[in-house]
Amino acid sequence: MSLLKSALRDKTFVCVMEFVPKPSAQRFAAMQAIMARGQLCGWPMTLAIGDRVASPLDLSPLDALASFDTPLPALPHFSGKDRERHHLLAQLQRMDAAGLDQLLLLSGDRLPGHQPGERPVRYLESVAALQIARQACPHWLLGAALNPFKYREEEGGAQYLKAQKKLAAGADFLILQLGFDAGKHQEALHWMSRQATPRPLLACLMSLNHGRAAMLDHVAGVTVTPSMRALLEAEAAESKAFAQARSVDRLALQIIGVKLMGYAGVHLSGIHALEQLLALEARLEHWQARVQSLAQWAPAWAQSWQMPGLPAVTFHPPAADWRDGQSVVRASAGETLRYHLLHGAHAALFSRHNWLSKAFGWAVRRPVWATGSGARLLHGLERSVKRPLLGCDTCGRCRLEDTLYICPETCPKGLANGPCGGTALNRCEFGDRECIHSVKYRTAKAVGQTAVLSERLIPCIEVESRHRSSWPQWFEASPTPRLNPQPAPRSQPES
């Protein structure tokens with residue numbers, strides 16, 4: 001059994017050290033030295049190997065793992081950006097051959113070079129990837145991500161609804177994306193405790209200084225507020241050593257805080273040298289001797305974000321501070337009317353039950369549409385109707401009924417099951433539009449269909465079905481069940 005699986009099963013706090021596999025012998029040697037210690041303050045350590053985090057030229061997680069001088073316990077990642085089912089299946093086969101049986105599945109951040117306004121790049125999003133991996137490897141340990149650091153209801157609510165899909169699709173644990181808001185860390189735990197089968201949560205943490213805050217400007221979905229930046233800038237003005245010591249101290253406190261909250265472990269990012277690990281361990285030992293409860297921890301954490309003459313630090317953006325459970329947004333009249341009109345049209349033409357739908361189904365299943373020229377003509381007809389109205393890219397398997405008639409092809413990543421973690425105050429990671437999943441959330445709430453956003457697990461679109469009419473296939477297939485079947489049985493840790 002893997003180190004991570006054992007730790008989650010035994011409820012042993014675990015440290016997952018993030019490694020971005022750039023082709024650098026020095027970088028590999030430094031991480032080898034870190035992992036040779038085997039533990040941090042007595043907590044077991046395992047390695048997480050990122051997948052194309054910075055560049056498509058990074059080594060693959062499996063090639064990176066093979067490049068270490070000695071074998072290491074590892075959690076490889078799989079990023080779905082610009083990938084298809086066969087890419088995931090190939091990685092699963094390689095991992096199985098290497099004796100690996102755990103994987104973190106991520107939709108992935110924005111593909112380098114993909115510009116706002118360009119047509120979507122296909123992503124094998126995490127929900128579909130989890131379904132594929134769980135079916136292929138029923139007893140593997142599978143993880144996914146959750147970003148609770150959202151401060152508008154639509155984006156936050158949609159995050160949690162999609163996380164329910166990830167659990168249903170087979171996730172054994174969730175790792176939070178990077179964040180510094182302790183209230184949101186507690187919120188995510190409370191959300192998980194309400195699930196039918198709660199799973200372990202790990203918190204992604206990093207020591208934060210002024211330079212790293214500037215770097216995080218380019219990392220979608222990470223919130224660093226103006227008041228946080230003001231404090232970090234003041235620390236840097238004191239001296240580099242002062243700022244570094246404060247950042248390490250805060251990281252140590254944050255680790256202790258999430259452990260006291262009940263997190264199963266931490267996913268530590270930004271530790272690249274043994275000296276950094278030893279400095280962190282020293283501060284952890286310092287604070288562990290002084291803090292044994294959240295009541296003792298909270299004032300120490302607050303103090304670590306204070307400096308004389310500066311205003312109090314807040315972790316939410318100035319314009320918003322939504323928390324799970326708050327219900328304040330409403331769909332516009334136009335959004336609600338659009339849904340009802342499209343739902344009515346869909347029921348009339350695609351219900352498979354009324355006379356108009358049966359006649360339409362009969363018409364689009366005539367043998368003429370199976371010929372080359374007939375298929376092209378029908379595809380062109382569907383595209384000419386649906387593209388101006390919905391942004392349709394004729395994916396060959398229409399999912400509009402499962403997405404409240406908001407086409408996934410209008411998302412730059414083509415995500416159908418819910419948002420990525422990269423939104424900011426409802427804005428898409430690309431910055432040129434509102435996230436379509438925020439619109440979906442408002443609409444679903446207005447028409448009483450929020451269950452659709454947590455229960456309908458939408459499979460990936462296969463390559464061979466794309467750019468052809470979905471109409472014949474719709475009438476050949478059986479209706480999509482309202483609830484998804486339970487995932488395949490699996491061996492997994494209890495939270």
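Author: **A helix and its partner**

Just after helix α10, glycine 262 takes a positive phi of about 120°. The model is a predicted one, in which local features need pLDDT of at least 70, side-chain atom pairs count only at pLDDT 80 or more, and totals for chains, interfaces and linings use all residues. Residues are numbered from 1 along each chain as its sequence is written, and side-chain values use heavy atoms, with hydrogens and water left out.

Helices here are DSSP runs of H or I with at least four residues, numbered from the N terminus. Helix α10 covers residues 240-261, 22 residues in total, and reaches 32 Å from its first C-alpha to its last. That is close to the 32 Å expected at 1.5 Å a residue, the expected span being 1.5 Å times one less than the number of residues.

Two packed helices are described by the angle between their axes and the distance between the axes. The partner of α10 is helix α12 (residues 294-303); the two pack at an angle of about 155°, with their axes 10 Å apart. Axes are lines fitted to C-alpha atoms over the stretch in contact, and angles run from 0 to 180 degrees between N-to-C directions. The two helices are therefore roughly antiparallel, a term for angles over 145 degrees.

The contact (heavy atoms within 4.5 Å) involves Arg246, Arg250, Leu253, Gln254, Ile256, Gly257, Leu260 and Met261 of α10. From α12 come Leu294, Trp297, Ala300, Trp301 and Gln303.

Technical notes. Angles under 35 degrees count as roughly parallel, over 145 as roughly antiparallel, 65 to 115 as roughly perpendicular and the rest as oblique.
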